[in-house]
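Please consult the sequence and the coordinates alongside the text.

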Amino acid sequence: MVEWYLRRQYITVTQADALKKWQADAYLAGLMPACIGGYGQTVNGGTTEFSDMRVAAIARRTNAIIFLTNLSRHAVPMVDAVAINGKSAGRWIMEHVGGSPHEAMVWLQRFTDALARHYGLAR
């Protein structure tokens with residue numbers, strides 16, 4: 001969905017980069033989309049089994065989740081839906097909040113702007 005939004009200029013390159021960083025950290029942290037549209041930890045066990053790269057990705061993701069949660073309780077689920085599960089923001093908001101697709105784009109832009117600032121991609 002990230003590339004789809006970028007090609008249609010619904011999001012900026014900086015916003016897309018923030019979503020791609022979120023997506024990369026999720027994959028490196030061990031989260032993978034499931035067939036049912038959710039995701040789960042792919043490796044069970046303690047952190048001693050994880051590589052340094054995975055531990056760093058988990059820490060970055062945890063910090064970003066805390067940051068977005070302070071912005072809105074809907075931020076993390078929406079960003080996960082778009083960046084990890086490949087769901088449109090409009091569909092996510094209609095299913096979970098009952099808003100319009102236009103409102104979903106406003107939210108997504110707001111959340112990705114904040115995420116870009118958190119990652120140091122924008123001011």
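D25 lies in helix α2; helices (H or I, at least four residues) and strands (E, at least two) are DSSP runs, numbered from the N terminus. The model is predicted, so local features are reported at pLDDT of at least 70 and side-chain atom pairs at pLDDT 80 or more, while totals for chains, interfaces and linings use all residues. Residues are numbered from 1 along each chain as its sequence is written, and side-chain values use heavy atoms, with hydrogens and water left out.

With a relative accessible area of 3%, D25 is buried; buried means under 20% relative accessible area, exposed over 50% and partly exposed in between (1.4 Å probe, protein chains only). Leaving aside residues up to four places away in sequence, D25 touches A57, R60 and Y119, where contact means heavy atoms within 4.5 Å. The side chains of D25 and R60 are joined by a polar contact of 2.7 Å. Such a contact is a pair of N or O atoms within 3.5 Å; within protein, one must be able to donate a hydrogen and the other to accept it, and residues adjacent in sequence count only if both atoms are side-chain atoms.

Q9 is located in the loop between α1 (2-7) and α2 (13-28). Its relative accessible area of 72% makes Q9 exposed. Although Q9 is not a glycine, it has a positive phi of about 60°. Most residues other than glycine have a negative phi.

Two helix pairs are considered next. Two packed helices are described by the angle between their axes and the distance between the axes. Axes are lines fitted to C-alpha atoms, for helices over the stretch in contact, and angles run from 0 to 180 degrees between N-to-C directions.

| Helix pair | Angle | Axis distance |
|---|---|---|
| α3 (residues 52-71) and α4 | roughly 125° | within 8 Å |
| α4 (residues 75-83) and α5 | about 135° | 9 Å |

The axes of α3 and α4 cross at roughly 125°, which makes α3 oblique to α4. Angles under 35 degrees count as roughly parallel, over 145 as roughly antiparallel, 65 to 115 as roughly perpendicular and the rest as oblique. R61, I65, L68 and T69 of α3 make this contact with A75, V76, V79 and D80 of α4. By class, the residues of the contact of α3 with α4 are five nonpolar, one polar and two charged. Here Ala, Val, Leu, Ile, Met, Phe, Trp, Tyr, Cys and Pro count as nonpolar, Asp, Glu, Lys and Arg as charged, and the others, Gly among them, as polar.

The helices α4 and α5 pack at about 135°, so α4 is oblique to α5. P77, M78, A81 and V82 in α4 meet A89, W92 and I93 in α5. The contact of α4 with α5 has seven nonpolar, no polar and no charged residues.

A89 belongs to helix α5 (residues 89-96) and counts as buried because its relative accessibility is 0%. Apart from residues up to four places away in sequence, A89 touches Y5, M78, V82, A104 and L108. A89 and M78 are 11 residues apart in sequence, with a C-alpha to C-alpha distance of 6.5 Å.

For the protein overall, the secondary structure comes to six helices and two strands, running α-α-β-β-α-α-α-α from the N terminus. Of the 123 residues, 37% are buried. Among contacts with a separation of 6 or more, 59% are between residues 24 or more positions apart.
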